[in-house]
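Have a look at the model first, then read on.

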Amino acid sequence: MAKFKQVPQTFLYRKLLGFWGNMVKNYRDDCRDDDFFDIARNCFDHDKAIELIEVAYTEKELGEMRHAKSRGNRLDFSDSLDDILCALWNHERTRDKCRAVLDAMREYMLADAGTSKDIVETRFAELKRVLKLDDLESEILMLAYIRDQTCFSWPLRVEDREKSLYYAMALDRSYAEVARAMSPQGKLLKFNLLDGDYDFCRRTLGGYMDGTTDETIERRFYAIRDDSDVLPWEFYGELASKDGEVLKRMIVASGGKCNILLYGAPGTGKTSFARSLAKELGRTAFEIKQGDDDGKNMKAEARMMGIQVCNSQEDPAGSLMIVDEADELLRGTSCGFSLFGFDFAGGKSTEKGVMNAILDEMKLPAVWISNAPAETMDESVRRRFDYSICFERLNGVQRIAIWRNQVAKHGLEALIPAAKVEEYATQYETSAGGISTVLANVKRMAPSAEKVDELVATLMKPHCKLMGVKDSHAFLPAKDYSLEGLNVKGKVTPERIVKAVRNYLDVDFSLAAEDKPRMNVLLYGPPGTGKTEFVKYLGKALDRKVLVVKGSDLLSKYVGESEQNIANAFRQAEAEHAILFFDEVDGLLQDRAGASHSWEITQVNELLQQMENFDGVMVAATNFAKNLDPATMRRFTFKLEFGYLDDDGKRMFFERMFKTTLTADEFAELKYLRNLAPGDFRTVRQEQFYLGDEVSNKDRIEALKEECAVKKDGESSSPIGFAA
């Protein structure tokens with residue numbers, strides 16, 4: 001390249017000439033790419049080269065080459081120097097003379113190269129030291145960099161699988177040792193120094209090598225965390241006083257290696273807790289980077305290199321390494337899951353042997369943070385952690401604490417008093433990160449006191465929508481809802497159920513001699529008959545939050561995680577003193593006699609055990625009671641069958657929902673509609689509201705007929721009975 005003629009880069013120039021000289025010595029075939037001689041064309045005088053050629057060759061040999069049949073092999077001194085040298089090389093009989101000419105040219109160029117150091121040489125030495133590369137690995141990386149940055153080319157087009165052979169020629173080393181160093185098990189590929197094509201990986205080292213950035217190799221892969229905005233340790237309450245105290249003692253006692261795993265639901269404060277732990281210990285937090293300077297995510301291999309660099313460079317006594325978003329690193333290749341009788345892989349992962357070696361070789365205490373379930377990690381990886389904390393989805397009590405802490409952190413106590421904190425925590429069931437982001441923006445925007453509610457809602461609602469957080473206000477009964485008119489079969493009416501649940505919540509069973517009975521309620525019957533609406537009514541009547549869980553929310557592709565999700569739902573409801581409502585519970589409590597997979601049985605067992613020990617109110621609803629496991633029935637304190645409306649119920653719902661009065665003829669027509677449910681009236685009312693036309697009772701009855709027509713014939717199943 002022209003830059004060698006004008007501003008030679010001393011180190012690269014010398015190394016380039018060395019590698020090129022080795023290729024000249026070791027390559028034996030024809031040259032099919034005259035770019036191989038670009039270094040001579042760019043850096044050597046044309047006339048001087050002709051002099052060397054005329055001395056080395058006889059006039060007869062030159063004459064034969066001038067009259068070669070092939071244009072590519074025909075010698076013409078008026079051509080560019082790369083074409084001349086390529087023609088000389090491809091005359092196999094006199095190739096040794098060509099080598100002698102090229103060696104002489106290389107000696108002249110080396111004499112002009114100089115010996116002073118430059119930034120590239122310094123950076124390579126630092127890279128070799130920090131990454132603990134041996135001489136061969138360092139030379140391979142250097143050659144890859146020279147091929148990327150200079151005019152060095154192979155004498156022919158080389159397939160990726162052949163590159164190790166040509167590297168061996170240019171390095172003048174054996175093929176076997178070069179192939180080993182360039183294998184997937186070697187540092188060059190493992191650390192992403194070479195890419196998948198065995199070329200220099202710009203993405204990993206970028207401007208570091210040529211000095212366009214002043215940061216050290218360490219700062220390429222991990223950063224020193226500024227602790228100025230870290231939450232105080234006491235903000236974590238019980239987590240700090242219990243698990244936190246154990247961690248502090250363990251890290252100090254370890255003297256170095258101590259692997260800690262924080263895992264669980266995203267947005268639950270794992271990263272914030274790790275940073276506060278470092279500050280509480282008076283240690284520097286070194287965070288392994290997740291992205292490069294261009295904002296692109298780092299590959300797992302590059303992050304593993306950062307971990308090992310940090311591990312080798314920093315002081316174990318004053319450091320705490322934090323590896324955030326470690327899901328891909330910790331997920332073992334052998335760890336998958338079973339579903340419907342088939343085995344599936346666990347997604348993107350690292351080789352578990354590599355990860356195990358890294359964990360075993362740690363010298364620094366390290367906190368590894370993952371949003372993935374524990375089951376996605378290979379057992380051999382999991383058992384290498386000295387301590388682990390599962391961060392579950394935030395419950396109401398924790399959200400209140402986080403709102404309170406973040407309000408104090410941002411100095412917003414005057415704008416957001418304690419009563420508002422509880423209101424926001426109840427209304428917006430978002431993560432710690434979401435709360436922090438919203439309050440940071442509230443502080444920056446500095447609203448007046450009367451505008452705070454409006455601004456918090458403006459910022460929080462789109463965030464909740466983005467994160468898929470449901471509006472807690474959505475689970476409320478309709479304004480005109482009433483228990484009157486429902487067709488609930490059996491001796492225990494819905495009104496008495498509400499009273500029974502209230503009594504259960506009010507009694508202090510710790511003072512009673514007898515065991516505290518369960519309060520598990522089963523609602524069953526056809527769709528639309530009022531089961532879900534009754535649960536909404538129950539929550540409002542008792543002033544209790546209803547935690548709604550569908551079977552589909554709990555079922556997981558990972559073996560064992562469905563059972564964990566079930567247990568977590570009960571724990572969350574108990575912590576928030578909420579009514580736990582399992583909607584469409586048949587998927588979770590199906591009859592074990594018909595199970596064909598072990599996980600179908602274990603999830604039923606888990607749910608039954610939780611129901612047995614739950615210290616709260618649990619309500620389950622199903623459209624298919626006959627499909628439930630028989631053992632579940634004795635665990636329900638009350639069982640309510642919701643049937644289609646009787647005649648009185650039809651009239652009551654019609655007149656209340658449509659704000660009208662039926663004539664005798666209209667009522668007679670309404671009575672003959674089969675399988676009419678409360679939900680049908682709401683559907684028709686919404687349909688006709690949006691149409692906006694004037695609607696008669698006849699139109700409404702016709703619309704109800706259509707709703708009934710799409711249902712299967714038949715009344716609800718026979719009563720199950722009641723147990724107290």
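Is R384 buried, partly exposed or exposed? R384 counts as partly exposed, at 23% relative accessibility. (Buried means under 20% relative accessible area, exposed over 50%, partly exposed in between, with a 1.4 Å probe and protein chains only.)

A word on ground rules: this is a predicted model, where local features need pLDDT of at least 70, side-chain atom pairs count only at pLDDT 80 or more, and totals for chains, interfaces and linings use all residues. Residues are numbered from 1 along each chain as its sequence is written, and side-chain values use heavy atoms, leaving out hydrogens and water.

**Salt bridges**

A search of the whole structure turns up 34 salt bridges, each a side-chain nitrogen of Lys or Arg within 4 Å of a carboxyl oxygen of Asp or Glu. Here are some of them:

| Pair | Closest N and O atoms |
|---|---|
| D30 and R95 | 2.6 Å |
| R173 and E177 | 3.1 Å |
| D360 and R384 | 2.9 Å |

**Strand 13**

Strand 13 covers residues 617-622, and six of its six residues are buried. (Strands are DSSP runs of E, at least two residues, numbered from the N terminus.) Strand 10 pairs with strand 13 in the parallel sense over six bridges; pairing takes at least two DSSP bridges between the strands. V619 is the bridge partner of V521. Strand 12 also runs parallel to strand 13, joined by three bridges, and L580 stands opposite M618.

Terms used:
Helix = DSSP H or I, 4+ residues; strand = E, 2+ residues; numbered from the N terminus.
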